Amino acid sequence: MVIERARNRLWRQVAFCGVVLACVIGWLTLLSRPDRPLQPLALKANTRDSERPTYSPDIRVNLTATPRENVRLSVDGPFDVRPVGTTEVAGFGKQLRACTVSATKSGIRVDDTVYPMTRLEIIPDKSPAIWIEGRQYRGRVRFFRKSGGKIIAVNVLPMNDYIASVINGEMPLVFGRAARQAQAVVARTYALAQMNRKHPQYDVFASSRSQKYIGHKYRDSKGRLLAGDDRTSREVARETAGMICTYKGKIFTTYYSAVCGGQTALGTTVFPDAAPPLQSVPCRYCQSAKRFQWTVKLSRNEVSRRLGTHLKKQGAVEGLRRISPKRGEVPSFEALISGRKQTISGATLRRVLSTTKLPSPYFNVRVEGNFFIFEGRGHGHTVGLCQWGAHGQAQSGRTCLEILQYYYPGSDIVILEDM
Ligand SMILES: [Zn+2]
């Protein structure tokens, strides 16, 4: 029995090393041929587990958008505590009931124990076991002490586990399979582009600041336990394992948004690092989305107060006029305050007035009595893949690859070997 286990372990180690080596070769193949686009691959639906390699690199997800005084933690089974980046064991336990993690002058406190270090990692024997702030995560968690006596929590987990959760965080379960496959590919590509930035502590945020990662399990406002990743999202992650978008052999940041409202935005008008495939394309596939077109009414007082504070000018806003942009570009506006004209971009105007009330910067505005009426389209920055549009395309029978090449024209969809 012992020998059998040892033999199994040896085989696992040999297989793992082989997969790692193959992955490295795959990466080198991709990175060393910038002038030779890789061949687009056909995506096989319903790919069985055994047909796909299972190795995937770890990604580091910042769970705390800003550093906090403390973080609630529990661990369901045996675990080790280690300084980040070492194999040294600083502590261990059979389980950890709900407790808090906080920074102290001499280190980091976990429950009643203070570890004299500025960064530590909690590694469970089995995953998923870690709960942070009432949400369960796969993989392990790192805590970093920050200035002002605060800490951040970073979840480190295999890429495909992360993708399986992001698919559900970013797209409803009822969306078409091909749309969710496309979501998996753009989420993976986006994540790898962020990993290339080589931040010392984390690669992405768990929120829509990067992309929405909801962990393995969580409780809703009524206390019900819900799945972050589930069978179908894990299947989609496996079907698309290793698939990414490239342009001339290189990864690019695959920005995407909820609803484009009829036309996606030209990437360079919103993001300075936008790659050539982030072109403005027409999209009639998102018409069933609630925010395909919208109307918002804001009082002249509210607009005057917010815009006046931003422009450092007193007085009522007498007029607000759109300056017509080119197709796919963010519009600009001309505001008339106390008889003086001032130009302001649509993105800034949206931020100043309210990003929650105005779903996108693509709107017209007119005056009606004491109100400004904003009539707009889309939700988000509208660059790249339109999520509701991808759903519409999936429903009309388009494949994952067709959807990706529609929203990122000129890109190649390739697979990182053995990833
Ligand atoms: Zn659309």
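Predicted model: local features only at pLDDT ≥ 70, side-chain atom pairs only at ≥ 80, totals over all residues.
Student: How do you know what span to expect of H5?

Tutor: H5 covers residues 300-311 and has 12 residues; helices are DSSP runs of H or I with at least four residues, and strands are runs of E with at least two, numbered from the N terminus. The expected span is 1.5 Å times one less than the number of residues. For H5 this expectation is 16 Å, and the helix reaches 16 Å from its first C-alpha to its last, close to that value.

Student: What makes S2 and S5 a pair?

Tutor: Two strands pair if DSSP finds at least two bridges between them. Strands S2 (residues 70-75) and S5 (residues 96-103) are antiparallel and share 5 bridges, so they pair.

Student: Why is arginine 60 called partly exposed?

Tutor: Arginine 60, in strand S1 (residues 58-62), has 19 C-beta neighbours inside 10 Å. A residue is buried if 20 or more other C-beta atoms lie within 10 Å of its own, exposed if 12 or fewer, and partly exposed in between, with C-beta atoms placed from the backbone. The count of 19 falls in between, and therefore arginine 60 is partly exposed.

Conventions:
Residues numbered from 1 in each chain as written.
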